[in-house]
Each structure stands twice: as C-alpha cells, then as structure tokens.
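Open your viewer and have the selection tool ready. We will walk through the fold stop by stop, and at each one you will learn what to select.

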Amino acid sequence: MQRYNILWADDEIDLLKPHTLFLEKKGYDVTTVNSGADAIEKIEKMNFDIVFLDENMPGMTGLETLDYIKAAKPNVPVVMITKSEEEMIMEQAIGAKISDYLIKPLNPNQILLSIKKILENKRLVSEKTNLSYQQDFRNISMAYNDEMSHQEWVEVYRKLIFWELEIDNTEEKSMSEVLDMQKDEANSNFAKFVIENYESWLNDVNAEKPLLSHQLMVKKVLPQLTDGQPLFFIIIDNLRYDQWKIIEPIVTDYFNVVEEDAFYSILPTTTAYSRNAIFSGMLPSDMAKYHPDIWVGEDQEEGKNNHEFEFLKRQLKKNRLDIKCSYHKITQTQQGRQLVDSINNLMGNQLNVIVYNFVDMLSHARTELEVIRELAPDESAYRSITKSWLLHSPLLDLLKKMSRTNAKVVLATDHGTVRVKRPAKIIGDRNTNTNLRYKQGKNLNFESNKIFAVKKPEGLFLPRVNVSTTYAFATQDYFFAYPNNYNYYVNYYKDTFQHGGVSLEEMIVPVITLSPKNA
C-alpha cells in the first residue's frame with residue numbers, strides 16, 4: 001500500500017495527538033506544525049499528499065494560509081478544519097478550492113474518511129466498479145437467452161452504457177476488454193432481433209413496436225404545443241446515447257429532465273433517411289411517392305437533406321397545425337452565434353426547430369483527418385471531444401438563454417454511429433452507393449452471415465431505383481469493403497465511426513424533454 005504524507009497545521013496541535021497517532025497506525029506519515037507560517041515553510045521544502053488546515057489560528061489565519069498554499073502548490077488537496085459554522089467562511093474556503101470541510105470536534109473515522117475520499121478515491125472506485133460490473137455481467141448475458149422486447153433492448157443498452165462510462169472513470173480500466181466483448185455479443189443478438197422484427201414493426205398494426213423516426217414528432221414534439229409556450233426542437237445530428245449521457249450534466253445545470261426516452265432510428269441509419277423521416281413523418285418510400293418534388297433519391301446528385309423545412313411544414317399542415325415556426329440548420333460557429341443573438345425573436349414562434357451538425361462533422365473529420373484520429377483514438381476520447389465541443393459552443397449559450405425563459409425543449413438526434421472494426425467483402429456495380437454500413441444497388445454480392453439483406457425493399461418502405469434493387473445492411477461493427485484495393489480500403493476505414501447499418505449504437509437513440517430551471 002502506498003504511504004501518504006500529511007501536513008497538519010493547528011495552533012492546538014498537541015491536543016490533536018490522539019488523531020495523529022491514529023493516522024500513523026493506519027499507515028500515514030503525519031507532519032505537524034502550529035501556525036500558518038510554519039505550514040508554508042514546510043510545504044515549500046517538502047512534498048505532501050494532503051494538508052489539514054485549522055481556520056482559526058493566531059497570526060496568519062487558515063484562509064490566508066490557504067491562499068499561499070494554493071499559489072505555491074495548486075494541486076495539493078487541502079481540508080479546512082474549523083469550530084465555526086459561519087456560512088461566509090465555508091463559502092470562502094470552497095471558493096478557494098478546498099477538497100473537504102470538517103467541523104470540530106473531530107472524530108478519528110471522520111478524518112480517515114476524508115483522507116480516503118480524497119487520496120484513495122480512484123482506487124476504491126475502481127475496485128467497487130469492477131466488482132459491481134462482474135456481478136452484473138451475468139445478468140446482462142442471461143438476458144440474451146430470453147425473447148427480449150424492444151424496450152428490454154433499450155434497457156440492456158442503457159446498462160452497457162452505464163458500465164462503459166463507469167469503467168471509463170476507473171484508473172486501470174481492467175474490465176474494458178470484457179465489456180467490449182459483451183457489447184459485441186449484445187450487438188450480434190440485437191442484429192438478429194432487428195432482422196426478425198423490423199419488417200413487422202412497419203407493416204403489422206398489432207405488432208409490439210418501438211417508437212420509430214417517422215413517429216417522433218407526432219409522439220414527442222407536437223403534443224408539447226398545447227399550452228402556447230414556445231417549443232424548441234433541437235436535433236444534434238449523429239448523437240449517440242453515450243454522448244448524451246456525457247453532456248447530460250452540462251445540460252442539467254440549466255434544465256430539468258422531464259422525460260428521458262429512446263426511439264429507434266429507421267434503416268438506413270443515415271441523415272438522408274432518418275432525419276427526413278423525422279421531419280416528414282413518413283417512411284422513405286412514402287416520401288418518394290407523396291413528395292417527389294422534394295425527395296432526393298440515391299440516384300440523384302443533389303444533397304439529400306436540403307428540403308427538411310419543407311417536409312416539416314407539410315407535416316404540420318397534415319396535422320392541421322397552423323403555427324408560427326422557424327427552422328435553422330447550424331453547420332458553422334458563426335451561424336450558431338447569430339441564432340443566440342436572435343433568441344428574443346424566436347420566442348414569438350410556437351415551434352423552433354434547430355439542427356446542429358457538429359457531431360456528424362466530427363465523425364467524418366475523424367475518418368479523413370489524421371489529427372482528429374489522434375485526438376479521438378477510442379470511444380472515450382470521442383465522447384470527450386463531444387463534451388468539449390458543447391462546453392465551448394454557441395449551442396450551450398443558446399441553452400443558457402432558453403433556461404431563463406418559459407420555453408420548453410425537446411432534444412433528440414436522428415441516428416447514432418458505430419466504431420467499425422471488421423471488413424465484410426461486397427461486390428456491386430458502379431452505381432452502388434458509397435456508404436460503408438449499407439449498400440443499395442443491383443446484383444449485390446456479399447458475405448451473407450454478416451449482413452441484413454433486403455431483396456424486397458417495399459417491405460421495409462425503401463424506395464426502388466430499379467426492379468432489381470437490393471439493400472444490404474452491415475451489422476455489429478462490420479463495414480463494407482470492395483475486393484479492389486481491399487487492404488488499403490480496410491486499413492483506411494478500420495476504427496472509424498460510421499452509420500447506416502444495424503447496431504445498438506446506431507439505432508437506439510435518445511429523445512429528451514427538458515424544462516428550464518431558471519424561468
């Protein structure tokens with residue numbers, strides 16, 4: 001066990017001898033001084049792991065000593081000890097970044113708890129997390145052996161995310177490999193579940209089915225328009241459930257979570273299909289059939305998401321909602337700042353739809369730019385960049401402003417993304433689309449055991465480009481690779497974040513209803 005050095009400054013240090021002896025018996029080395037000046041002198045000459053500091057010392061007070069210590073050794077944790085329960089002293093100490101605050105008379109176990117909480121927190125958390133995950137591992141794995149519902153799959157995925165984030169916060173991360181294997185097993189079983197049930201979700205009115213992309217606005221957004229309060233519907237493109245859980249603490253500084261729910265992205269899990277489905281309230285083949293003037297198919301060069309606002313207006317009209325509505329797509333920081341500046345104007349609308357494209361751009365940039373790969377080499381770093389982006393983005397400024405109004409917020413995404421690791425060979429003609437997680441074309445040839453093959457697209461409400469059109473969706477963490485330049489292709493795209501296929505990460509995505517805390 002590592003031995004820790006403690007510096008304890010108190011003008012009545014002799015009276016605390018029983019406490020210092022108790023700590024020494026527990027394996028800590030304790031250096032004692034009876035003034036703030038002596039404490040500063042010691043800390044300049046020696047290294048300490050933690051400092052106990054009496055607030056009420058003659059001469060230099062504890063708070064004055066604290067300022068010196070934080071200037072000289074800003075990373076050394078300091079525990080303030082005082083007889084006073086004055087709120088002002090507590091606030092000053094907390095403002096000076098103390099690690100703990102103890103009030104006399106002291107209890108030996110109270111002191112020991114403070115030390116362990118500060119110095120041994122990471123080790124204790126790691127041990128407890130690993131033990132708890134090992135205990136839950138069997139429960140999660142056993143669930144796969146049962147016939148699971150769509151909601152049970154949501155719960156399993158949430159549980160896997162919970163443990164992924166918990167293990168991510170441990171020092172050794174010794175259970176990461178085990179969790180990765182369990183996630184892969186989960187995705188294998190989830191793919192079988194989707195292949196078996198997806199068509200019935202779309203066609204059987206009596207089937208038990210999840211909330212799907214094209215139902216999102218009718219079920220989660222439009223019902224919020226009843227009381228006249230302005231509603232902001234914010235879609236962060238490509239936001240996975242684990243990324244939501246990482247940014248949730250930032251958002252909940254300003255908003256209460258009224259409801260945290262999940263929905264299933266339709267296939268293909270791409271912006272062109274799933275986001276258009278959200279705004280139109282329709283499945284892809286119905287969009288192509290009923291809105292041919294604004295639907296852009298795979299065989300067309302035009303951008304696939306240029307008509308979202310028009311789809312939205314037509315869905316509102318279909319639902320007989322004659323309301324003031326705005327739509328904003330943010331792809332650059334300057335656009336986000338302009339939107340923040342116009343918040344007062346937006347409050348006059350009943351519905352404001354905002355699409356943020358950063359996370360999608362991040363996934364593409366990580367594929368194409370080596371520097372982004374270095375910054376986000378794994379899932380943990382990828383989440384971290386998402387959190388850093390929100391902390392410094394105009395979106396957070398917008399949320400802060402909205403939190404001081406009576407506006408309601410629904411925060412969602414269109415689909416998630418999965419880190420691809422294994423190639424699956426496919427052959428298609430030159431008109432086959434370029435997405436790595438799904439292919440649409442004629443005469444597709446592929447390794448079928450890794451693929452959800454759809455030879456009758458109309459059963460999944462997918463448009464046919466020609467009579468022999470087939471769709472193929474990669475499952476788990478597979479990605480499509482052509483035999484030509486196979487090795488180069490595989491090395492370039494392996495470990496990149498892609499979307500379009502069938503996985504927990506791509507299909508099960510968050511929809512969050514928020515109410516402002518500071519209205």
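Before going on, two notes about the model. It is a predicted one, in which local features need pLDDT of at least 70 and side-chain atom pairs count only at pLDDT 80 or more, while totals for chains, interfaces and linings use all residues. Residues are numbered from 1 along each chain as its sequence is written, and side-chain values use heavy atoms, with hydrogens and water left out.

**Stop 1**

Buried means under 20% relative accessible area, exposed over 50%, and partly exposed in between, using a 1.4 Å probe and protein chains only.

Next select R240, in the loop between β6 and α10 (241–251). Is R240 buried or exposed? R240 counts as buried, because its relative accessibility is 2%. Show its side chain and you will find a polar contact with the side chain of D242 at 2.8 Å. The R240 side chain also reaches the backbone oxygen of T417 at 3.1 Å. (A polar contact is a pair of N or O atoms within 3.5 Å; within protein, one must be able to donate a hydrogen and the other to accept it, and residues adjacent in sequence count only if both atoms are side-chain atoms.)

**Stop 1: a parallel sheet**

Colour β1 to β5. They form an open sheet of 5 strands in the order β2-β1-β3-β4-β5, with parallel pairing; two strands pair if DSSP finds at least two bridges between them. At the edges are β2 (29–33) and β5 (100–103), each pairing on one side only. Zoom in on β1 (residues 5–9) and β3 (residues 50–54), which pair over 4 bridges; W8 has F52 in β3 as its bridge partner.

**Stop 2: the cores**

Select W153, F233, I234, Y264, F279 and L351, the residues with the most contacts inside the largest nonpolar core, which has 110 residues. Such a core is a set of buried Ala, Val, Leu, Ile, Met, Phe, Trp, Tyr and Cys residues joined through side-chain atoms within 4.5 Å. Apart from it lies another core of 18 residues, including W8, I13, I81 and L102. In soluble globular proteins, nonpolar side chains tend to be buried together.

**Stop 3: a helix**

Move to α7 (residues 150–168), a helix of 19 residues. Its buried residues include W153, Y157, L160 and W163.

**Stop 4: a mixed sheet**

Finish with the open sheet of 3 strands in the order β14-β12-β17, where the pairing is mixed. Why is one side of β14 (445–446) and of β17 (478–481) left without a neighbour in the sheet? Both stand at the edges, each with a single partner strand, so one side of each has no neighbour there. β12 (residues 422–427) pairs with β17 in the parallel sense over 4 bridges, and the partner of A424 in β17 is F480.

Technical notes
Helices (H or I, at least four residues) and strands (E, at least two) are DSSP runs, numbered from the N terminus. The expected span of a helix is 1.5 Å times one less than its number of residues.
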